Amino acid sequence: MGQYQTTPRTDWTREEIAALFDLPFMDLLYEAQTIHRANHPRNEVQLSTLLSIKTGGCAEDCGYCSQSKDADSGVKATKLMDVQAVLQSAAQAKDHGSGRFCMGAAWRNPKERDMPALIEMVQGVRQMGLETCMTLGMLTEGQAKQLADAGLDYYNHNIDTSPENYANVITTRTFADRIETLENVRSAGINVCCGGIVGMGEERADRVGFLHALASMPHPESVPINQLVPVKGTVLGDMLAGTPMAEIDEIEFVRTVAVARITMPMAMVRLSAGRESMSKSGQALSFMAGANSIFTGDKLLTAPNSGDDKDAALLAMLGISAMQAAPHGHLEEAAE
Ligand code: SAM
Ligand code: DTB
Ligand code: SF4
């Protein structure tokens, strides 16, 4: 250490990443913020809004998810939304100051018959001057190409946890399946948004392995760090309820954000699910640690989110403003 590394490295060892986690907290934050400032505009966060375009009834068994068919969470399954309704919702997000609109579907993968509507959604949202993001499960090479041609800016597909812990969380698709989709997305020229969840009762070693896996691939342009939103009726929500592991310590969460920032200096690090239950100071420390994007609005996909008023107040209190155009997006290209 001592030397600030700003050229993205993909040869991090687990030992190096574990050593970053072990640093005295202030040293870790200082290092992360220094790297952040060398690579990103300071005091700015990118704002995205989520919409669940197809909710519930998902064939996968992700242990954290309220939308799995195996979950008894009370989430009602819906069909894919109409294109016009999606565009209306995107217009509202734009009015509320969001720069990116992320459409999520509770699918193992999209069917061919869904592709025309998905393509219209991407084209329509893009025409409004918003960046587009989708998360639809696994994609074939051909589907990734079709979405890229429609103008999709980002695709979210998470590895979720370390390769070793993966099978404890999901059994219906493998870690390797996820990597294959990520490769299809990247080869199609779509920006990759890939991260995972902490607070699932995993060990520190799993958080090390999770960030090691991400930092060893071509770095995602965006890295969401979700904190488990424990939902009653899901495997993990029920398993952790009432145990000391039910919530990750805020300091350990901030450490995870800082290590993501240091190991992937150019990526946008997204403070994602779980912000609703974080304190203002926990969020402020996460920004200090290099988080520079958030989801706005009062709902994620099915879970509650902080809401615009609370967020506006927090950002104002911290002197943080909304990023006008995120790097990698088409809006920035258009401005060049
Ligand atoms: N079905 C698609 C898929 O799994 O790729 C897209 C939607 S899925 C809800 C997107 C991501 O949200 C998951 O990969 C997971 O990381 C995160 N997520 C889902 N439920 C969560 C929860 N209860 N708490 C925190 N993160 C969650
Ligand atoms: C991601 O990593 N976090 C967002 C986004 N990708 C799609 C979703 C979080 C979902 C939280 C649980 C819910 O709303 O059901
Ligand atoms: Fe389905 Fe995605 Fe939920 Fe897994 S995370 S159950 S794939 S909606």
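**The ligand sites and the space around them**

Modeller: An oxygen atom of ligand 1 has a polar side-chain atom of Asn158 at 2.9 Å. That pair is a polar contact, meaning two N or O atoms within 3.5 Å; within protein, one must be able to donate a hydrogen and the other to accept it, and residues adjacent in sequence count only if both atoms are side-chain atoms. The model is predicted, with pLDDT of at least 70 needed for local features and 80 or more for side-chain atom pairs, while totals for chains, interfaces and linings use all residues; side-chain values use heavy atoms, without hydrogens and water. Residues are numbered from 1 along each chain as its sequence is written, and chains are lettered from A and ligands numbered from 1 in the order in which they are written.

Ligand 1 has 16 residues around it, and the closest are Tyr64, Thr135, Asn158, Asp160 and Val229. Being near here requires a heavy atom of the residue within 4 Å of the molecule or strand. The shell of ligand 1 splits into eight nonpolar, six polar and two charged residues. Nonpolar covers Ala, Val, Leu, Ile, Met, Phe, Trp, Tyr, Cys and Pro, charged covers Asp, Glu, Lys and Arg, and the others, Gly among them, are polar.

A side-chain N or O atom of Asn226 is 2.8 Å from an oxygen atom of ligand 2. Leu301 places a polar backbone atom 2.8 Å from an oxygen atom of ligand 2, and a polar side-chain atom of Thr302 is 2.5 Å from an oxygen atom of that ligand. Ligand 2 taken alone exposes 400 Å², and the protein buries 85% of that.

Around ligand 3 are Cys58, Glu60, Cys62, Tyr64, Cys65, Ser68, Ala106, Trp107 and Arg173. By class these are six nonpolar, one polar and two charged residues.

What space do the ligands take? Ligand 1 sits in the largest cavity, ligand 2 takes up space of the largest cavity, and the space of ligand 3 is also the largest cavity. To sit in a cavity or pocket, a molecule must have more than half of its atoms within 2 Å of the grid points. The search uses a 1 Å grid over the protein atoms alone: a cavity is a set of points where a 1.4 Å probe fits but cannot get out, a pocket is an open set with protein on both sides within 12 Å along at least five of seven lines, and lining residues have an atom within 4 Å of a point.

The whole structure has two cavities of 30 Å³ or more. The largest has a volume of about 910 Å³, and 44 residues line it, with Tyr64, Cys65, Gln67, Asn158 and Leu301 closest to its centre. A volume is the space filled by probe spheres set on the grid points, which are joined across faces, edges and corners. Each of β1, β2 (100-105), β3 (131-135), β4 (154-156) and β7 (222-227) supplies at least two lining residues, and β2 gives the most, four. Helices (H or I, at least four residues) and strands (E, at least two) are DSSP runs numbered from the N terminus. The lining of the largest cavity comprises 23 nonpolar, 14 polar and seven charged residues.

The second largest cavity holds about 40 Å³. Its lining includes Cys62, Cys65 and Ser68, residues that also surround ligand 3.

Notes. Accessible areas come from the Shrake-Rupley method with a 1.4 Å probe; for residues, only the protein chains shown count as cover.
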